[in-house]
Amino acid sequence: MINGKVNHPSHYTAGSIEVIDYVKDQLTPEEFRGYIKGNILRYVSRERHKNGDEDLEKALFYLNYLLGKDPRSTKPDKRVEEKVRQMMAEGGLIPGSGDLTTKVIDALVIDRLKEEKR
């Protein structure tokens, strides 16, 4: 089951604190944001060569986390998932072509502004 491997991998929850929480505690907010963005890039970049959809799910986990929605306690934002899949299908997300996170967030903001004008 992908969800267990993504949201609560057993090898990261064996102790009293999950690794992501420990890392967050040890870094400044700016450093932690970079750590999260690095993980997004890592999983999107390797999905075709390693774990396929599981890596995309992991990238979505970190993208939702970056947007302030901890996927461990809530369902991931479907808008993020849909936008990432749409942008990948349209060729708008190409690993190594720039700031992936910024592109997705910008696209979501533009979509939200268009909806508000309607």
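I began with the surface, and I noted that the protein exposes about 7600 Å², of which carbon and sulfur atoms supply 53%. I keep in mind that this is a predicted model.

Next I looked up burial, and I found that 35% of the 118 residues of the protein count as buried. I then turned to the fold, where I counted six helices and zero strands, and from the N terminus on the elements run α-α-α-α-α-α. I also checked the contacts between residues at least 6 apart in sequence, and 52% of these join residues at least 24 apart.

How are two packed helices described? I use the angle between their axes together with the distance between the axes.

I took helix α2 (residues 19-26) and helix α4 (residues 53-66) as my opening pair, and their axes come within 14 Å and cross at roughly 40 degrees. That angle makes α2 oblique to α4, and I recorded that α2 passes α4 in a right-handed crossing. Looking at the side of α2, I saw that I20, D21 and K24 meet F61, Y62 and Y65 in α4; by class, this contact of α2 with α4 has four nonpolar, no polar and two charged residues.

I then followed α2 to helix α3 (residues 29-46), and here the two pack at an angle of about 145 degrees with their axes 8 Å apart. Which residues of α2 meet α3? I listed I20, V23 and K24 in α2, which meet F32, Y35 and I36 in α3, and I sorted the residues of this contact into five nonpolar, no polar and one charged.

Key
Residues numbered from 1 in each chain as written. Predicted model: local features only at pLDDT ≥ 70, side-chain atom pairs only at ≥ 80, totals over all residues. Heavy atoms only, no water. Axes fitted to C-alpha atoms, helices over the stretch in contact; angles between N-to-C directions. Helix = DSSP H or I, 4+ residues; strand = E, 2+ residues; numbered from the N terminus. Parallel < 35°, antiparallel > 145°, perpendicular 65-115°, else oblique. Left-handed = near helix turned anticlockwise from the far one by under 90°. Contact = heavy atoms within 4.5 Å. Nonpolar A, V, L, I, M, F, W, Y, C, P; charged D, E, K, R; others polar. Buried < 20%, exposed > 50% of the residue type's maximum accessible area, 1.4 Å probe, protein only. Areas by Shrake-Rupley, 256 points an atom, 1.4 Å probe, with all protein chains shown as cover.
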